[in-house]
Amino acid sequence: MSKPPTSRGFRARPRPEGQGKRVPPGQHEVSDFPVLSAGPTPQTSLETWTFALQDGGSLLAKWTWAEFEALPQTTVVVDIHCVTAWSKIDTEWQGVTIDALLEVAGLAELSEPYAMIHCDGGYTTNLPVEDLIAGKAMIATRYDGESLTPEHGGPARLLVPHLYFWKSAKWARRLRFMDQDEPGFWESLGYHMYGDPWKEQRYSGD
Amino acid sequence: MAEVNDVIPETHRVKTLLLGIPGWPGHLPGQHVDVRLTGEDGYQAQRSYSIASAPDAFHVSLTVERISDGEVSPYLVDELHAGDRLELRGPIGGHFVWTATQGGPLFLIAGGSGIVPLMAMLRHRSAAGSTVPAVLLYSSRTLEDIIYREELSNLVGKGDGLTVAHALTRARPAGWAGYARRIDQPMLAEVGFPASARPRVFVCGPTSIVESASQLLLGLGHERSLIKTERFGPTGG
Amino acid sequence: MEKTKDGALPLDGNAAAGLLRELFVLDLTVASLTCEGCGAVATVAEVRVYGGRMGAIFRCGACDTPVLRLSRTPSGFSLDMRGARCLRVPTAPA
């Protein structure tokens, strides 16, 4: 297919100087926080919200909102990268790391190497467990110091900033460990199983 | 590949692009095109825009509202000028379409830039010499935001069975005689055709307005199969 | 779609018409679709579509089941239709 004609004078938003090394290839920095959803925004009440760890059919641990809020909290400042080419630098999040959840649940070692996150509204995404531990991921309940709004994934979302942001699943409710890698929602529609922005792993085959 | 022949300001935020498109197959009122922009670095952005012109107009025209922080509309409204080329494909869409042969009555409801495809329908209606009874209810933020205001007034002045009612939701001039609130059920009942007249209804604008108006119309007894909707991305009105 | 806080509100099948046209010969926006979840029938153009630039996720207006999921990636199209029981596509103009 021939190269499409260039539109005179069109460019993506200019990137500020000095951020070059923090913005992965093919991305540009934005100052707003775009919302992209695969479905309607769920309105889950905190009274009925729970978060669970699951292994096959068995429940390993479950927390109500009050119990979850009482767990050790961590605050991080990270860069996030959406597969649709926008990146946001220095975003602040607070929540409970997956390490803390595993520790409190008494799961020192997991035998399963993969996990699927299940969310209100039916969204799913798959990740290697290795990418969820050692401080790499959390269940986030606050963004920029405020409670996470529903359109951005509240009450709680998975946050895995080193992968493309579709892996940071909104409205997270359950983390299920599995033996084999299985494609989640977008992975089943041609998106990469892993999603490393620094290797531009946007689509399967990349 | 289209060539921009002229760029016409409509409001402080809205411009109409007059395009020459070799090989254009013609279109039906209500259809749209997909516009694609490609930067020097290969970055691409694509958006859909409704065709504003009637099928037999000399130019194919697109009316575009600049969305602050938008990716494509600021380029089309602020940067593009006569002589530039624009990559587009179309016409697209066989559902949200009205031609005079479909008959009426015709009940059009527009929110903000949702007026564009409905204007193509009204321009076609006028060009075809149709006297199908038609009502347009058009919601905008302020008087200055009304697109095609003068042309709509002229169409009404033809006396061929078209009524236009405006609703201003944010601010209105002194002595304003039109509606001064968001579209609601009493307004639809007052200005539109009764459900018993079985009008063909077309609603276009931001998703929130479209869904709200559709529900209200169903509540007034209009048949679902006679209501056609097209949701736009966020805009005013 | 344009990036504002309303970005979470869906568009509809009309907006996905261009993408559908890349894959299907006939205009699918005038087709009717039966939801596998609840049996509701809708015209494709009127179905709410989510997903923005990532893809077109058509969801039943009555029960939110994804009836069609369509994405285009550099290697081709992915179409998941498990949420649709039946698709009726007219050949004559509506």
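This is a predicted model: local features need pLDDT of at least 70, side-chain atom pairs count only at pLDDT 80 or more; totals for chains, interfaces and linings use all residues.
Residues are numbered from 1 along each chain as its sequence is written, and chains are lettered from A, with ligands numbered from 1, in the order in which they are written.

Let me begin with the domains of chain B, whose assignment gives domain 1 (2–92) and domain 2 (100–232), the bounds coming from an automatic or database domain assignment. The centres of these two domains, taken over C-alpha atoms, are separated by 23 Å. Their contact takes 15 residues from domain 1 of chain B and 13 residues from domain 2 of chain B, where two residues are in contact if their C-beta atoms, placed from the backbone, lie within 7 Å. On the side of domain 1 that touches domain 2, strand 1 (2–11) and strand 5 (60–65) of chain B are the elements that give two or more residues; helices (H or I, at least four residues) and strands (E, at least two) are DSSP runs, numbered from the N terminus. That side has 6 nonpolar, 6 polar and 3 charged residues, with Ala, Val, Leu, Ile, Met, Phe, Trp, Tyr, Cys and Pro counted as nonpolar, Asp, Glu, Lys and Arg as charged, and the others, Gly among them, as polar.

Is helix 2 of chain B mostly covered or mostly exposed? It is mostly covered, since 11 of its 13 residues are buried, among them Ile115(B), Leu118(B), Arg123(B) and Arg125(B). Here a residue is buried if 20 or more other C-beta atoms, placed from the backbone, lie within 10 Å of its own, exposed if 12 or fewer, and partly exposed in between. After helix 2 of chain B comes Gly129(B), whose phi is positive, near 70°.

The sheet of chain B that I want to show is open, with 5 strands in the order 9-8-7-10-11 and parallel pairing, two strands being paired if DSSP finds at least two bridges between them. Strand 9 (162–168) and strand 11 (227–232) stand at the edges with a single partner strand each, so one side of each has no neighbour in the sheet. Strand 8 (residues 134–140) of chain B pairs with strand 9 over 7 bridges in the parallel sense, and Ser139(B) has Ala167(B) in strand 9 as its bridge partner.

Turning to the chain contacts, chain B gives 12 residues and chain A gives 10 residues to the contact between them. The side of chain B that touches chain A divides into 4 nonpolar, 2 polar and 6 charged residues.

Chain C, finally, has 1 helix and 8 strands, and buried residues make up 51% of its 94 residues. Its contact with chain B takes 22 residues from chain C and 19 residues from chain B, and the largest share of the chain C side, 3 residues, comes from helix 1 of chain C.
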